[in-house]
Amino acid sequence: MTTSRKPRIAVVKLASCDGCQLAFLGLGEKLLELASQVEIVHFAEAGPLGALTDLDITFIEGSVSTREDQDTVHSVRRQSRFLVTIGACATSGGIQALRNLSAGNLLSSVYPSPEYVDFLAHSTPVSSEVGVDLELWGCPVNGTQILTAIASLLFGAAPAAERDKVCLECKRRQIPCVMVAKGIPCLGPVTLTGCGALCPSFDRGCYGCYGPSENPETPSLARRFAGLGLLPDDIARRFLFVNSQAPAFLAEGRRWTKEDRHE
Amino acid sequence: MNERREIHVPILARVEGKGALDLTIRKDRLSEVRLRIFESPRLFEKILEGREFREVPDIVARICGICPAAYQLTSVSAIEAGFGLDPGPDIRRFRRILACGEWIASHSLHIHLLAAPDFLGYEDVMEWARHDPGPVRRGFHLHGLGNALLSLLGGRPVHPVGACVGGFHRFPMRPEIAALAGRIRDALPMASALVRWAAGLDYPASDRSFVSVALRTEEAYPMNEGRIVSTRGHDLTPSDFEGRIREFQVPHSTALHSLLEGDPYLVGPLARINLNWDRLPPEIMEDLRPFGLRFPSANMHHSLLARAIEIRYALAEALSLLEAPVPESPSFHSVTPRESTGIAATEAPRGILWHRYDIGEDGRIRRARIIPPTSQNQAMMESDLRVTLEREGFDRPDDSLRRLSERIVRNYDPCISCATHFLDLTVHREKG
């Protein structure tokens with residue numbers, strides 16, 4: 001940085017579980033180091049509640065789910081040099097975006113008085129409202145992703161985006177393929193890595209936390225699932241999970257939903 | 001519109017996250033206390049409908065990034081109860097280790113990052129660390145050990161991937177267990193020091209009667225199972241609990257409020273110790289004696305001390321469970337779904353977490369109901385605010401009232417996102 005002023009950073013929360021903010025709070029000593037090198041202007045869970053103005057990097061956790069969320073997103077975009085989404089909710093709408101696939105008003109079936117609640121029918125990613133400079137996928141993101149993003153953006157380098165698939169990560173780590181060895185359906189061939197191939201290392205299939213990889217061959221993977229004995233609706237639900245609104249997963253999920261459902 | 005309209009709610013949507021507080025003061029009386037939780041609803045009970053039972057643990061984990069394992073553990077117990085499956089002692093043991101990890105991580109986070117700055121007069125943990133880094137480092141270290149236990153069983157601390165209906169996808173490997181057991185053994189003196197540090201804090205006097213509710217078992221301190229008991233003599237199965245509590249919606253909150261037979265009640269670490277202090281190793285209670293502290297306690301500020309005690313307990317408990325041999329048996333049972341209703345209650349870090357699933361013979365969820373700790377505590381928080389603020393008086397600046405209110409609410413460690421400074425306090429002073 002050429003300026004003497006410390007970079008100003010904010011963490012903002014919309015509809016979410018708070019798990020991605022823990023990527024900051026779980027940094028331990030590194031959180032204190034970060035706090036000494038940047039000015040943490042606003043981060044409600046950690047304490048600071050400064051005004052969201054004149055920011056170098058704003059991290060957004062959570063999906064746009066209310067009218068207030070929409071206002072927040074537009075306002076921080078105007079005030080931020082870099083806007084970074086953290087996690088599945090902010091990046092793709094998150095697990096709560098499964099409601100986007102339902103017909104009718106879900107809210108009234110949960111709350112007896114839905115008129116009290118500020119609520120949008122769909123849960124959407126931040127990018128549906130404003131331009132986003134960097135998207136950090138993951139459910140949740142981890143501390144390394146966060147620290148790498150801050151360092152890259154502040155030093156003007158292009159952040160090194162993860163391009164590899166979970167499948168490749170398994171091969172690097174010499175984890176036996178759960179689909180080949182055990183016939184367990186796994187989204188690893190079409191999912192970005194970033195988790196370190198966590199689920200296959202626990203003898204289970206990947207369920208897509210880090211969203212679709214580049215050029216995901218979802219149709220052939222779905223056919224493979226069918227070959228393993230999954231029914232169309234089971235295949236659809238594999239793709240319609242924590243990143244259901246990521247276009248590649250949504251399209252594949254819909255393809256298999258239509259064949260099965262007549263509602 | 002009737003502001004305190006009380007409505008029976010058959011299905012509950014989960015919230016945590018953003019909250020606010022409105023106080024209305026009229027003639028030195030608090031005419032209104034509104035703890036507003038305005039976290040956007042995410043409708044998990046509806047999302048669960050139609051999903052297969054095996055997907056439930058990974059869905060409900062996403063309700064809370066701070067206690068995802070508690071959601072997973074409660075859901076698998078509820079579903080197994082519905083299917084008539086007993087996981088057996090080995091799987092129970094590893095589930096208890098998972099719960100220990102989450103208690104340690106969640107309590108360490110709350111004590112050091114959220115609550116302690118209130119007691120010490122700092123704005124936040126960063127300021128505290130600049131003045132006195134020792135206790136902060138200790139807190140981070142303990143937090144890291146909690147996370148390491150979660151990672152041992154589930155690969156990562158947030159939304160771990162190890163637990164499943166029927167058991168675990170796999171048990172941890174022996175070398176991983178041995179390495180972590182060694183780190184925990186080394187940290188036991190740190191946990192004892194934490195308890196002594198917490199016992200030495202300056203706790204404001206506060207003594208009011210309230211109802212504590214927690215799980216209780218025949219021998220051990222309660223974590224993943226037990227009957228639901230209260231300081232008013234309740235002794236209920238998790239199934240009976242549903243008929244005794246009433247949830248209702250209020251205009252200012254997307255969290256539903258709960259009352260136990262008409263009264264606010266407390267769940268969480270203080271309630272747990274109040275009802276289970278005799279299940280803790282005697283030396284923990286003896287350590288408190290020089291400080292003039294004992295349980296049961298009617299001082300809500302002691303919830304911080306209760307968390308420190310539970311960290312010490314959970315660390316020692318995890319160590320002894322890790323030291324038992326790794327089972328040769330499979331890490332999970334094969335599961336056959338049947339049409340059923342499965343109910344379970346566990347002690348999440350913040351208190352009783354109750355789940356119910358109605359499942360079809362195809363293994364799909366027909367209906368789900370989840371009662372989390374924070375909605376159970378919400379009525380208590382509001383009544384505590386009312387009583388404590390009126391006792392302390394209003395002859396003080398708004399900022400002082402704001403700090404006191406925030407501190408009262410933080411004692412409950414509400415599982416809503418901005419748990420340090422989530423209060424956007426508005427004081428309305430009415431003339432006349």
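Predicted model: local features only at pLDDT ≥ 70, side-chain atom pairs only at ≥ 80, totals over all residues.
In chain A, five strands are arranged in an open sheet with the order S2-S1-S3-S4-S5, and their pairing is parallel. Between S1(A) and S3(A) the parallel pairing extends over five bridges, with Val12(A) standing opposite Ile60(A) of S3(A). S3(A) is in turn connected to S4(A) by six bridges, the two strands running parallel, and here Leu55(A) is found opposite Ser80(A) of S4(A). S3(A) is mostly covered, since seven of its seven residues are buried.

Helices of chain A are also in contact with these strands. Helix H3 (residues 67-79) of chain A lies across S1, strand S3 (55-61) and strand S4 (80-86) of the chain, and runs at about 135° to S4(A). Helix H6 (residues 143-154) of chain A likewise packs on the sheet, where it touches S1, S3, S4 and S5 of chain A, and its direction makes about 155° with that of S3(A).

Turning to chain B, 13 helices and 13 strands are assigned, and 67% of its 432 residues count as buried. Among the contacts in chain B between residues at least 6 apart in sequence, 72% join residues that are at least 24 apart. Three strands of chain B form an open sheet in the order S10-S11-S12, with antiparallel pairing. Strand S10 (340-348) and strand S12 (365-371) of chain B stand at its edges with a single partner strand each, so one side of each is left without a neighbour in the sheet. S10(B) pairs with strand S11 (residues 351-359) of chain B in the antiparallel sense over nine bridges, and Thr341(B) stands opposite Asp358(B) of S11(B). Helix H3 (residues 68-83) of chain B packs on this sheet and touches S10, S11 and S12 of chain B, its direction making about 150° with that of S10(B).

The largest nonpolar core comprises 166 residues, and Phe59(A) and Tyr357(B) are those with the most contacts inside it. Helix H4 (residues 88-120) of chain B contributes the largest share of this core, namely 16 residues. Another core, of 19 residues, lies apart from it and includes Val166(A), Ala222(A), Phe225(A) and Ala236(A).

The space in the largest pocket amounts to about 980 Å³. The pocket is lined by 31 residues, of which Ile184(A), Arg238(A), Glu52(B), Arg54(B) and His169(B) are the closest to its centre. At least two residues of the lining are supplied by each of helix H11 (232-239) of chain A, helix H2 (56-60) of chain B and strand S3 (163-164) of chain B. The largest share of the lining, four residues, comes from H11(A).

Terms used. Residues numbered from 1 in each chain as written. Chains lettered and ligands numbered in written order. Heavy atoms only, no water. Pairing = 2+ DSSP bridges. Contact = heavy atoms within 4.5 Å. Axes fitted to C-alpha atoms, helices over the stretch in contact; angles between N-to-C directions. Core = buried A, V, L, I, M, F, W, Y, C linked by side-chain atoms within 4.5 Å. Buried < 20%, exposed > 50% of the residue type's maximum accessible area, 1.4 Å probe, protein only. 1 Å grid on protein atoms, 1.4 Å probe; cavity = no way out; pocket = protein on both sides within 12 Å on 5 of 7 lines; lining within 4 Å. Points joined across faces, edges and corners; volume = space filled by probe spheres on them.
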